[in-house]
Structures are given as C-alpha cells and as structure tokens.
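Here is a friendly walk through one protein chain, from the whole fold down to single residues. Have the sequence and the 3D view open as you read.

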Amino acid sequence: MTDVVIDNPILNSPFDEPKRHFRFGEDGITDEVVEERRISTYFMPIAQSKKKGKQQAFETEWTRERMKENELINKIRKDLDYWRQSDRPGLTRTTRQLLDYWLNEDRERRLFFCQIEALETIIYITEVAPKTGKRWIENELREGNQGSNPDLFRIALKMATGSGKTVVMAMLIAWHTLNKLANPQDARFNDAFLIVTPGITIKDRLRVLMPNDPNNYYKELDIVPSLQLPDLGQAKIVITNFHTFLRRERVSMSKLNKQILKADETGAFTESEGEMVRRVCRELGNKRNIVVLNDEAHHCYRSKPAEEGEKLAGDEKKEAQEREKEARIWINGLEAVKRKLGVRAVYDLSATPFFLRGSGYGEGTLFPWVVSDFSLIDAIEAGIVKVPRVPVADDSMTGEQPTYRDLWTRVKDELPKKGWTSAAAGSEPDLPAELEGALQSLYGDYRKRFEAWEKIAGADNATPPVFIVVCSNTSVSKLVFDYIAGWEKELPDGSKQPVTGKLPLFSNVEDGRWSDRPNTVLVDSRQLESGEAMSDSFKKLASTQIEEFKSDYRDRFPGRDVDQITDEELLREVMNTVGKPGRLGEHVRCVVSVAMLTEGWDANTVTHILGVRAFSTQLLCEQVVGRGLRRMSYSVNADGMFEPEYAEIYGVPFSFIPSAGAAEVAPKPPPTRVRALEERIAKEIRFPRLTGYRFDIASETIEANFSDDSHLAISLEDIASKTEMEPIKGTGALHTLDDLKAYRMQTIAFEIADQILRTYFRDEVATDRDPESQPLRPWLFPQLVAITKRWIDEYLVCKSGCFPQMLWLAQYRHDAADRIYKAIVRSQPGEPVLKPILHRYEPEGTSRVVDFDTVKSTWETDADKCHVSHVVGDSGWELKAAQVLDEMDEVDAYVKNQGLGFTIPYSIDGQERQYLPDFIVRFDDGARNADGTKDLLNLVVEVTGENMRYKKAKVSTARDLWIPAVNNHAAFGRWFFIEVTDPYDMEETLRAAAGGHALVDKLTGDDRAFAPAGAEEG
C-alpha cells in the first residue's frame, strides 16, 4: 500500500457523533477527509495459501477491495438516527430519565458518544423495535445466533480498546436494574447479573461494577443520579472469570486411581452441571432468567470443523487448540447457566468480536450478532485512544515492508522453539540481527521519552513510560528478557555472576548484583489469568525476579509476611499495578510477555510496543496494539477535542494511520493529584445537598388558588393508547391501555394527594439535616384529597383517545402534583417561607471526598486556607481567584468545586439541570455568636465573564432560591451568593458584598436581603 502521513488524525469530538472521516482508497488509508460519518465496515480475511512460505505482507493490509459493509449495523444505525430525530419515543419513564441524564451537556463528567450509542442501540432493540414493527432486527439476530450459538441469544457491542466498555457495562446494569425496580412485572429487565471475563485481571478491575465498591463507577463516573444510587444496591451481581465454569473434583486422586475407578466416565468424583452452576452463581440467590455480560467476548464461541485450507502447525496450532479449549469452557458454562437458571439476555462487549484462527470460521469474520460498532479508526479520529505510529520507510528496505514492521518474517527461523534447554539457559543471549536492531532502535526513542519525562517528573506520584515486548513463546520471551534485563554468567568455580542487561534503563542488574527493585518484568499472562498455579518451568525462568519483588515487598510493607503470598499473586500484583503510583509495579519500565498481553491490562503509560511473534491478520495486530492505546490525558482543547497522543509500534504490521506527529519528543507534564489532605482537616468545607425547593406552609387549613397554569393536558403525543401488532404471518392483535380504566378515580386522587404530602408537607425538625426524620402532617391529607379531586374535575384535559385514569402513569402523576402544589402556595396569605428539599441519603456534602488527577494548570493552595491540595484552572481566572483567596485575611477556608459534588438544582425551558458554582468560601464578615465566637459566612462564589441565558438562570436560582432556602432552614449556618466578573478586583468585591450582607438582619426571612447590592435580575 501507499503510506500517507497525516499530521493530526483527530477529526471529531469524542462527545458528539462523528461527522468526518479519512477515506480509504484502492491501496488503503488516504489523507482525504470526507464530511460525513464512516459507515461500518470490516475487512474480509484472505484465505490461507496452500503453499508454504513466509507470511505475505498484504495479508495484514487494510485496502478498499477487502472492505465489506456491516449491513446489519448500518441498517440499525439508520433506524437509530430517525428515532433520535423523533425525540426517542417508545421508552419507559425510567429509560427516558436515564438517557436525559447521560446526554446532559452540563454533566461534570460527559460520556463519550460511542458509550451513549452502544446503550441507545440496546435500548432501541429491546424497548422500541418490537413495538414499531421492526421485527427484522430480532429475526436477523436469531438467524446469526442460530448458526453459532443455537442455545443462546447474544447481542454484541463492538467498541475500540480504550473507549470505555466498562462504563457501558455499568450503564447496562443501571438500565436493567432501575427498570426492573420501577416495574417488577416487566419481563424485558432483570436485576441479577453474571459478568464473565477472560481472566483474573479483568475480574478484579470490574469490581467497580459492584454498587457497594468504594470506587464504583455509578458514583465515580456519575452513571445515575445520586438519589438512585441506593436502588442499585438491590442488584445481585457476580463477577467471575470463565475458568470457574470448569467442573471441579470432589475428591483429589491420582490419574491411575481415576483410570481404575473410571471416575472420568461416571462423574462420581466430579461436580455435576448443577453443582457447578450453584457454585459459580451462589451470590445470585434464587434469581432466575439472569442477564449475562461477556467482557472481551471474542474468547467465547462454539467452533466448527476447520475450513478447507486452514491447516495449522507448530506453535500456531497449539495456540489455536488452547484458544478453542478455552472458548469451549466459556460457551458450555453459559449454556449450563441457561439450563439451570435461565438467561434473559447475553450482552457481548469486545473491541474485536471476530472469529480467530482455529475456530473453523474464516479468521477475522465478524460475529453476526454485532449490532453496534465504534471501530479503532473511529476512536483514533475522535482522539479517544493514542495514535499508533508504525515504520513506513528505512534505509535498508530489503523486502516489501520496512525491516522493523514485518519483523517476525525475518527472524522467526533464527529464534528458539518452545522449550528452553539447560545448555542455552546459562549462555549470553544471542538475538538475530534484525531483532536486536529493532530493540535498540525502539529503545533509543524510549530513552528520549524517558529523559524528557525525568525533567518534568518532579511530582512524587509520577510513573515512568512503559515499553512492552510481546513474544511467541516462553523460550523467545526468556531470551529477550535476558538481553534486556540481564542474565547470570557461570564462573569457573561454579558460582554465578549477574551481567547487566543491554538496555541500561531496563536492566535489573546494578553494580554486579540483582537490584532490589526490578525495572523489567517477565510475565506469562495466560498462566497468571487462569488463577491456577504457574508451571514449574516458568517459575524457574522467573525465579530471580520473584525474589527481587519479594525483597521490594518487604521494604514497602514491613511486618507483613511475604511468604504467605503465592508467587502467582505476587506477579499478578506487579503486572496489574504497572503505571500506578504507590503500588508494587509503579517503577516497572519494561514488560516482556509470553504470547499475547492480557486484555484488561489498562496501564495508560505505555509508549512503545515491540511484537516478536506472528501476525497473520489485522485482528491480531489490533489486539496487541490495543494494550498501548489508553490515553494519559482526557483534557479537551479550545475546540472541544483531545490533543493526539502517540504509541510507537515495531514488529506489528499494522496498516493504519501512520501519523507523523511531532518531529521532536513533546513531553507533557505528569498528572497532578488533587486531593483533600488529612492534616488540613480544620479547613474542611461542609455544605447542604439539595434536590429541590419547597415553601413552608404553617397553616393547618389549606386551599388552592388554581389558574390557567394549573391545566394539564393528557395527549397521545408521548404515549400510545392503542397499538396494532402484526407478525410476519398470522393473526394480528391490538394492544391498548384500557386496563387503566379499572382504577377508581378516588384511588388515583389518593395517590396524587399522598405524593404531594410526602414531597412538600413535612413538619421540619429544628436544625435536623435528615429529610427522612421530618415527620409528615397526615392531618392535611383529607384536604389534599379534596383539592386534588377538584383539580381533576376542573383542570384536567383529556385529549382525543385519552381518559382520566391515565393519571396513574408516573409522569402525569408528578405533573399533577406539581400543579396542585403551586396552586396551594399561591393561596397562602403573606409571603411563604422558602425551604430546601434535602438529598434523601446524603443531605450534607464535604470536601473530604475530593481526590482526582488532572493535567490542567493548577494552583497549589495555602495549607492555612484550603483543605484540598490544589485548585484546577479551567480558566486563568480561577487560578487568579485562588491566589486572591489564599491572601485574604478574612478568608477562613475555601474550596474549588471540582470533584466536590456541590450542585444547585435549577430549571430552564422546563428541563431540570444542575449548576456547579466555582468556589465555596468560609468568610469572616465580623458576625459573632452569642458566646463571642466567630459566626462565619459561607459564600457561594461564581467567577465568570459570561452573560448567557443559561448563566442567568443558574445565577438567579442560586441567589433567589438556593440561598434563601438554606438560610431559612437554619441548620447549615449563613450562606450568601456572589458573582465575580473581574477576579483582579475580587478582593474588594467580596469585602463589599459581605460587608453589606452583614448589615442585614438574617432573621427577617427576606430572601432578597441575601442578594448583593446592584445584582442583575435573572
């Protein structure tokens, strides 16, 4: 192919649907930009040649003549686009609320478009398509599954490595669980989940999907509103690796005894299928028809007889046999779970949902049940992953490709086969010239990156860039490891002398002895991921590094018994903590892996990759390259896009955007950890958490002053009361909402009145911050029922096809309660007192929770002023504001509202939103308590130069609703809102506003008294 050089491959925002893409030409990728979204395609695999010979270069190329459209995916996309443009009709109320929450552009943590689209696709197929005559989707999926999974109905989501599959899994769990809790009779949903992974690394990492985990994604990434977090705790979730589907022996016995007793035939000494399922799914209790999520699902398939011409030999044959064995365990386990417990749905997630060589299908053939696709090229064009850079030319190009691009074809015959011999183990590592040249060349670039990193790595938590090597077998990996990290030379007297490795930054030998803290680690990820013991041969190869890490463990954790930790657990901990500050693997600079590196290994510090193995298709290339594609920074530039990051790739014939990038190494500063510091606990900031506002109605006699605004019209705009159903063939049916007509209007009036009572009419306990402890005022209930009946008779409008009992539906019931309550407030004499509706479970927030990383500019805060270590500057104004706050004598404490969870609920255009002010400041305005102690004023400070409609709505809500409500509650101290339009005059602005506020009698209850003089009306 003709290689092109593209300076910046990022064309699209990660948060919006892609609108541009690079065109593929006859010979591959071009630099021509097409102003539309790329259709979903995959590359047809090339039949294996019957001739023996070296790997053909073109087998791994992505060219237009090999492109095949994913027709099912593209047809679903078209339906999905039309559905979006029609405002997504046909959803449950719960699903609608979740989608609105995920799509809210005011979110502090915005979700990627690819994550939203993945969920929208599943939601559309489940909730919308069956009701709108789109049965063809289910029919095509069933046909695709019938050929490969006749006992399972699987739906697959294709998402590039690094695009956030775990987030999508959390969204799926939330969608199912909250819908099931909202309507337990809805058979489309369930709240019991079995999550299956290919290994222990991913299993451990997916703990974030457990709602009770301290770092769960539902809270950390704001997957659901905070009020619904407790509901997720009702879900039953089991996370396991597929190896647990293996039936275990009840009694341990020798192979000879098994043969004598014919134990393998009778199964008398082995678990039954039911016992295995009960063991794996024990924590699901008595749940039935569960939901299965397969992570990295390309490992799960049922093979068929090999196609003609697909003849494998040697290591490739053994590798394929091992894959097929693992796939059989996985698929058989799921089928057993279905037989014993029932399965509601199976969702596959994978960056590469393709059949592998040895499966009996053409290698690289897409699973026919894939419904959504966000490919690696899409992810690169959106900046979601690093850009892989591959060799495109060199000065010794003896073949069709650059030397270090198709490395394996040049060196495979000179490398040892599987099975390291004792004679070879004690000799100096001798590599083929091309491989040694590749290592040295790539290491030279790494050294520059490392030296640049050292210059800016002043932060204690910084970890070095990481270089990974993927080898074909244990023999090759040991040879490469010894070359890189050092080896032991046997001396004449029989003793052994460590010899320094050939790549100094990676050497584990210092001053003639093994170092206490290794720079390079050798792993066999397949053995580590199974959870079983490593082979004796690998333990022998890795014995030196195991002792080194044990020494490091003793230094880090004095008093702990390292001998209680198995070698497997130790190496797994090292591997899983590469690039993680303060952990055992933090100082690792190089990883040499036997065979493929494990999926789920999510170090984002990988900068260089070397492949020393066969790569027959782009599928394998993508799997290896994917280990180095996770971004380090997720900060957007002024255009709302990510800046490109790069990974250098040798030995992987990856045909992709060979981006030139920057000519010189342009290091970026390591992330700054922003966190609350325990030694500054005296400067902790606490604040109320509100979900809304109400008025304190003291009267025991209530009336309602209805107006034209009190009318509610029920129409068929949002829901259908009659639905005609037609099969492909057979008798049709008519679905209606007529069952609602069985409800008595008296019952509906009681439900609406009860909702009004529980939401708005509670006797507030003085200074009590727990809304659940505020008792109801049940004596008002009869009056509320009477008012509700009057409203139904006079102000409910049922348009054509609708009827009053539709008020039973939650959306209409909430709308009715809101209109009736506002009419009651209007009827009260005098000025009603505004009060807050506090968060049900967490009525008070704190600065203790702040802990995150950032690459943005920061201001290191004064220890005497701020509980949190740094202020992050979304603009230079905020950093200037932090400087002013640090220097003001009147400021007792302050905190920037980032990672704090402080929001002010407001509405605009009928939509509920959340406003995040910039700072909370505890300010000494001279006020004193009765005992003479300071009565500090809490300032909510917004630093802005905007004059937009949204900003005005936010500011007016903060000033006119939030501040008066909190002050009237009286349990959280005094609060005041100030908008600073010029941070360089901030000091005087704060003093003037707080000084004017101090003159106001805070007991007057006049909410306008809490606004700064001259404040602009909202």
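## The whole chain

Among contacts in the chain between residues at least 6 apart in sequence, what percentage join residues at least 24 apart? The figure is 75%. Keep in mind that this is a predicted model.

The chain contains 28 helices and 38 strands. Of its 1018 residues, 54% are buried.

Let's look inside. The largest nonpolar core has 99 residues. Those that touch the most other members are Trp102, Trp175, Ile195, Tyr218, Ile223, Val224 and Ile237. There is also a second, separate core, made of 55 residues, with Leu690, Phe852, Ala965 and Phe972 among them.

Which residues does Val224 touch, if we leave out those up to four places away in sequence? They are Leu98, Tyr101, Ala174, Leu178, Tyr218, Leu229 and Leu232. As background, nonpolar side chains in soluble globular proteins tend to be buried together.

## Two pairs of helices

Start with helix H2 (residues 93-103) and helix H3 (residues 113-128), whose axes come within 12 Å and cross at roughly 165 degrees. Because angles over 145 degrees count as roughly antiparallel, H2 is described as roughly antiparallel to H3. On the H2 side, the contact is made by Thr95, Leu99, Trp102 and Leu103, and on the H3 side by Ile116, Leu119, Glu120, Ile123 and Glu127. The crossing of H2 past H3 is left-handed.

Now turn to helix H16 (residues 433-456) and helix H17 (residues 474-485), which pack at an angle of about 45 degrees with axes 12 Å apart. That angle makes H16 oblique to H17. Here the crossing is right-handed. Leu435, Glu436, Leu439 and Gln440 of H16 meet Val480, Tyr483 and Ile484 of H17.

How far apart are the end C-alpha atoms of helix H23 (residues 745-760)? They are 22 Å apart, and this agrees with the 22 Å that its 16 residues should span at 1.5 Å a residue.

The buried residues of H23 include Ile748, Ala749, Ile752, Ala753, Gln755, Ile756, Leu757 and Tyr760.

## Loops worth a visit

You will find Asp87 in the loop between helix H1 (71-85) and H2. Asp222 sits in the loop between helix H7 (217-220) and helix H8 (229-232). Is Asp222 buried or partly exposed? With a relative accessible area of 23%, Asp222 is partly exposed, because buried means under 20%.

Our last stop is Phe902, in the loop between strand E33 (891-896) and strand E34 (904-908). Phe902 counts as buried, at 1% relative accessibility. Leaving out residues up to four places away in sequence, Phe902 touches Phe687, Pro688, Asn897, Tyr915, Leu916, Pro917, Ile920, Val940 and Trp962. One of these contacts, Tyr915, is 13 residues from Phe902 along the chain, and their C-alpha atoms are separated by 8.6 Å.

Technical notes
Residues numbered from 1 in each chain as written. Predicted model: local features only at pLDDT ≥ 70, side-chain atom pairs only at ≥ 80, totals over all residues. Heavy atoms only, no water. Helix = DSSP H or I, 4+ residues; strand = E, 2+ residues; numbered from the N terminus. Expected span 1.5 Å × (residues − 1). Buried < 20%, exposed > 50% of the residue type's maximum accessible area, 1.4 Å probe, protein only. Core = buried A, V, L, I, M, F, W, Y, C linked by side-chain atoms within 4.5 Å. Contact = heavy atoms within 4.5 Å. Axes fitted to C-alpha atoms, helices over the stretch in contact; angles between N-to-C directions. Parallel < 35°, antiparallel > 145°, perpendicular 65-115°, else oblique. Left-handed = near helix turned anticlockwise from the far one by under 90°.
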